[in-house]
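Have a look at the structure first, then read on.

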Amino acid sequence: MKLLILSTIPTIMKNISLLVLLLFTQISCTQTKSMSITELTPQDVENAVLVDVRTPEEYAEGHLPNAINIDWYDENFMDEFKDIDRNKTIYVYCKKGGRSASAAEMLNSSGYKNVIDLLGGYDALEAKN
C-alpha cells in the first residue's frame with residue numbers, strides 16, 4: 001500500500017504543477033491594459049469607442065469629446081455594450097480611476113478583446129489643463 005501511494009506522488013505533483021501553470025496563464029491573459037488619460041490623443045479614439053462610466057450628472061458637468069456615457073452604477077451596465085463590437089478598442093474612464101478599472105475588468109472577463117483603462121480619470125485631465 002505504501003509503495004502504491006509513493007509511486008503516485010510524482011504524478012500528483014505533475015498535475016498540480018500543470019494546474020498552477022494553467023491558472024497563471026489564464027490570469028496573465030486577462031490583465032487589463034491601461035494608459036494615462038493625459039496621453040490619450042484624438043487619433044487614439046478615431047476608430048475606437050470612448051466610454052465615460054461616471055453618473056449622468058458627472059458626465060453633464062464635463063466629459064471628453066465623443067465619449068458616450070454608460071453609468072457603472074446602472075444595474076444594466078453590461079447590456080449597454082451589447083451593440084459594441086467585442087474586437088473594437090474601448091477606452092474607459094471615470095472621475096479618478098476606480099470605476100473605470102472595475103468596468104475594464106468586467107468587459108475583459110465578458111470577452112471584449114481590447115479594453116483600455118484610462119488611468120487618473122477625468123480629474124487628472126482637468127488638473128493637467
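## Burial and ground rules

Of the chain's 129 residues, 34% count as buried. Here buried means under 20% relative accessible area, exposed means over 50%, and partly exposed is whatever falls in between (1.4 Å probe, protein chains only). The areas themselves come from the Shrake-Rupley method with a 1.4 Å probe, and for residues only the protein chains shown count as cover.

Keep in mind that this is a predicted model: local features need pLDDT of at least 70, side-chain atom pairs count only at pLDDT 80 or more, and totals for chains, interfaces and linings use all residues. Residues are numbered from 1 along each chain as its sequence is written, and side-chain values use heavy atoms, with hydrogens and water left out.

## The fold in outline

The chain has four helices and five strands. Those are DSSP runs numbered from the N terminus: helices are H or I with at least four residues, strands are E with at least two. Walk along the sequence and you get the pattern α-β-β-α-β-β-α-β-α.

The five strands make an open sheet in the order β1-β5-β4-β2-β3, with parallel pairing. Its edge strands are β1 and β3, each of which pairs on one side only. Two strands are said to pair if DSSP finds at least two bridges between them. As a reminder, strands of a sheet pair through backbone hydrogen bonds, either parallel or antiparallel.

## Strand β5 and its neighbours

Strand β5 covers residues 114-119, and five of its six residues are buried, so the strand is largely enclosed by the rest of the structure. Strand β1 (residues 33-36) runs parallel to β5 and is joined to it by four bridges.

## Salt bridges

How many salt bridges does a search of the whole structure find? It finds three, where a salt bridge is a side-chain nitrogen of Lys or Arg within 4 Å of a carboxyl oxygen of Asp or Glu. Asp52 and Arg54 form one of them, at 2.7 Å from N to O. Asp52 is buried, with a relative accessible area of 0%, and Arg54 is buried too, at 5%.

Arg99 and Glu58 form another, at 2.8 Å from N to O. This pair links distant parts of the chain: Arg99 sits in helix α3 (residues 98-109) and Glu58 in helix α2 (residues 56-60), 41 residues apart. Arg99 is buried at 13% relative accessible area, and Glu58 counts as buried at 18%. Then there is Asp123 with Lys95, where the closest N and O atoms are 3.3 Å apart. Asp123 is in helix α4 (residues 121-128) and Lys95 in the loop between β4 (89-93) and α3, so to speak a link between distant parts of the chain, 28 residues apart. Asp123 counts as partly exposed at 27%, and Lys95 is partly exposed at 35%.

## A negative patch

Asp74, Glu75, Asp79 and Glu80 form a negative surface patch. Patches are made of residues with over 30% relative accessible area and no salt bridge; like charges are joined within 9 Å, and nonpolar side chains (Val, Leu, Ile, Met, Phe, Trp, Tyr) within 5 Å. Asp and Glu count as negative, Lys and Arg as positive, while His and the chain ends are not counted. A charge is placed at NZ of Lys, CZ of Arg, CG of Asp or CD of Glu.

Asp79 belongs to the loop between β3 (68-69) and β4. Asp79 is partly exposed, with a relative accessible area of 44%.

## Two asparagines to check

Asn66 lies in the loop between α2 and β3. Its phi is near 70 degrees, a positive value in a residue other than glycine. Most residues other than glycine have a negative phi. Asn66 counts as exposed, at 72% relative accessibility.

Asn129 lies in the segment after α4 and is exposed, with a relative accessible area of 72%. Asn129 and Thr38 are 91 residues apart in sequence, yet 9.6 Å apart in space, C-alpha to C-alpha.
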